[in-house]
Structure formats: structure tokens, C-alpha cells
Amino acid sequence: MKDELARLLLNWYRQNARSLPWRGHSDPYAIWVSEIMLQQTRVDTVLPYYLRWMRDFPDISTLANASEHAVLLVWEGLGYYNRARCMRRAAQQMMQLHDGKIPADYEQLLKLPGIGPYTAAAIASMAFGLDRAVVDGNVKRVLARILPYTLAVNTPTAESALRHAAQELLPEGNAGDFNQALMELGALVCLPRKPLCDRCPLPSICAAFQQGAQAELPLMKEKKPVPHLVVTAAILRQDDRVLIAKRPARGLLGGLWEFPGGKVKENETHADALARELMEELGVSTQVGNRFGTYRHAYTHFSITLHAYEIISQKKTAKPLHHAELRWVALAELESYPMGKIDRMISRDLVQAELANAA
DNA sequence: AAGACGTGGCA
DNA sequence: TTGCCAAGTCT
């Protein structure tokens, strides 16, 4: 079973592997960058980000010396921004502790920020040829069907069992290709909803296929429904500038810039909520004016409806009571401040409104 | 251990 | 439109 699996899978991979910029060579830096970007993110989404990143930060030394601002700007839109901050810190640690290189050792890789069991195994096998099996969402799904594994796969128990199974199935000396082949099969053929079993190289091995149960696996422990929040944001103006605030380094959208504001509580009007938030966050008393726009956005664990309002008047000077920093910037400068999706939409609409106004 | 942590694509 | 999901890690 083990030899047959490796033979069929690697043969399929040789004919069906997508040509990707981080494949076909074993530059550890390129592999590291791609693996971090690919965490919870599709190849198609990653491609343009990968190319820009490699252009701006072509090696560990450049990344280690780059500002967090520059790193976040290139990362803007990719999500899970802690990944970018961790990469910069990891690059600095590589400069200090590893002679400016990515360590060729699973345990050392694991100690670096942003590198967990999956990424350490991916780099170890793909960049350094070490016999380490990777277990990601693709591998879990493929193995759940092949073995089969009939318990929920998104649990610590399953994680451990499937990691053990994957390591057992790994062909010695060919771990990098085998790992990528298993993930490529999951991404192209062994799909979550409608697996394309007629294109699969493993029908002779797959227990689920032979039982006609491929649509029932893998089993997932159900997730909790996500709450919906109503929030407000302020457009504060001073001459031809608007106020933006840098979020604290940790937590949601850490280190990114936003238009200040916050959650609307029960029995509170938008205007009351926004004035209260601006007092709490900036120490200013304000008069809330017209609504500029309404925006909807879904994060991983909650969704929001955001109402942005123009501020008519403000007393006292705004201070960063909750934020890392405040800055009054011209509309044309907004693009150079990294923002999350919803604040970027507001920012772009402000520039558009200004252009329409001038015309 | 369970929840936090983004975004875009697709049914 | 809504919900689900995609090459996980951190706390």
C-alpha cells in the first residue's frame, strides 16, 4: 500500500503539478515566503503578493532591515497580518542566530515566529530534503478519504493521528515531492465538496471511493455561528487632511491604520455611539454630521455593518488613548498607509468623493 | 483547549 | 444573499 501510493501519486504529480514561481528550485527563502503566504490562503490569491514580496524583499537580510510599515503595505489584502509581522521578526532572528540563513532543522524552524508544525515540515522537506510529512487541510482531507479516517478531522486527536499516518506513508528521500503531491491532489482533484474521483490516480487505494463514501468525508466538528456587529467610523477633517489611527500591534488588524470609531451598543444611536467612542479613544468631544457611507464586511469570527460619518466639529486635540499613533494625512497619502479591507474601501471612497467634488 | 485571527471565491 | 471554505499559528 505504501509503495503503491507513493508510485501512483508521484507519477500523477509529475504530469499534473502546476508551474508555480516557488517550485522547480529549492531556494529556502522562496519556499518559506510561499508557505507562510499559503497558510489558509489559495494559490491564486497568493501569486501576485508573492511576486511583489520577492521584488521588494528578495532575501532575508532585506526583509530583516525593512520597516514593519513597508512589510504590512505589501501584505495589505492578504489577511492574517500577524503572518507578515512574524516573518519580519523571524528574518531578524535568522540574521542574529542562524548566520543569516534559514535553519535546516525541523526543531530550529519550529522555534521561529510564525512557523508551526506544518510550515516547519514543509520547509524541512521541500527546501532541505528532510523526511518530514506535512499535514494541512488538503492532506487531512485526502487521508481521511484514503484510509479512511471517520472521526472529525478538525480536532487535536485527528491532528495527531493523521500526522502519524502521513509520516508512515512518506517515501524516504522523496518527502518534498510527496508532500507537495498530496497537497496538489487535494487542491485539484480531491476537492472538499465534489471530489473529481474520475481524475484521481488513487481509486485502487482509496477506501472512501471504494465504499462510495467520498462525499461524506472528511467529517468536521461543526463551528459556532458568528455574531454580527454594528459599528461606526469617523471622518475627521482638518483643512485638507483626514485623521487616521494606527491600531495596536497585537490583535485584529494589528499595526494597520483605520478611521477611528467603534461598536454601537444597544439602545444607542449611531451618533451617540460615535461621539462616545471618539471621547474614549481620542479624548475629543465632537458633533456627528452626515453619513458618508455604509459598509459590510465578514471577518472569520464575526461580521460587521459599518456606518461612516462625517464629523462637523471637534473640541480639543485628538490623542491616541487606545491607538499606537494618530496622523492627519492628505487624501492622496492614504494609499501609503496599510489598512484592512473595510478602511481601505472608506479611504478609496473619500478620494473618489473628492475627485467628484472637484469636477 | 478553544477561540482569535482576513479575505475572496464559489455554490 | 449567506455560508462555507483555503498550503495554520498563536495564546
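How many salt bridges are counted between domain 1 and domain 2?

1. The count between domain 1 and domain 2 is 1 salt bridge, a salt bridge being a side-chain nitrogen of Lys or Arg within 4 Å of a carboxyl oxygen of Asp or Glu. E76 forms a salt bridge with R344, and their closest N and O atoms are 2.8 Å apart.

2. On the basis of these values: this is a predicted model, in which local features need pLDDT of at least 70 and side-chain atom pairs count only at pLDDT 80 or more, while totals for chains, interfaces and linings use all residues. Residues are numbered from 1 along each chain as its sequence is written, chains are lettered from A and ligands numbered from 1 in the order in which they are written, and side-chain values use heavy atoms, with hydrogens and water left out.

3. The domain assignment of chain A gives domain 1 (2-211) and domain 2 (228-358), with bounds that come from an automatic or database domain assignment. The C-alpha centres of domain 1 and domain 2 lie 37 Å apart. Their contact (heavy atoms within 4.5 Å) takes 8 residues from domain 1 and 14 residues from domain 2.

4. About 800 Å² is buried between domain 1 and domain 2, and carbon and sulfur atoms give 53% of this area; buried area is the accessible area (1.4 Å probe) that two parts lose on being put together, summed over both. In domain 1, H69, E76 and Y81 lose the most area to domain 2, together 51% of what that side buries.

5. The sheet is open and has 4 strands in the order β5-β1-β7-β6, with mixed pairing; strands (E, at least two residues) and helices (H or I, at least four) are DSSP runs numbered from the N terminus, and two strands pair if DSSP finds at least two bridges between them. Because β5 (261-263) and β6 (285-298) stand at the edges with a single partner strand each, one side of each is left without a neighbour in the sheet.

6. β6 and β7 form a hairpin with 4 residues between them. These strands run antiparallel, and 11 bridges join β6 to β7 (residues 303-315). Within this pairing, R291 stands opposite Y309 in β7, and G293 stands opposite A308 in β7.

7. Helix α14 (residues 341-358) packs on the sheet, where it touches β1 (228-235), β6 and β7, and its direction makes about 120° with that of β6; axes are lines fitted to C-alpha atoms, for helices over the stretch in contact, and angles run from 0 to 180 degrees between N-to-C directions.
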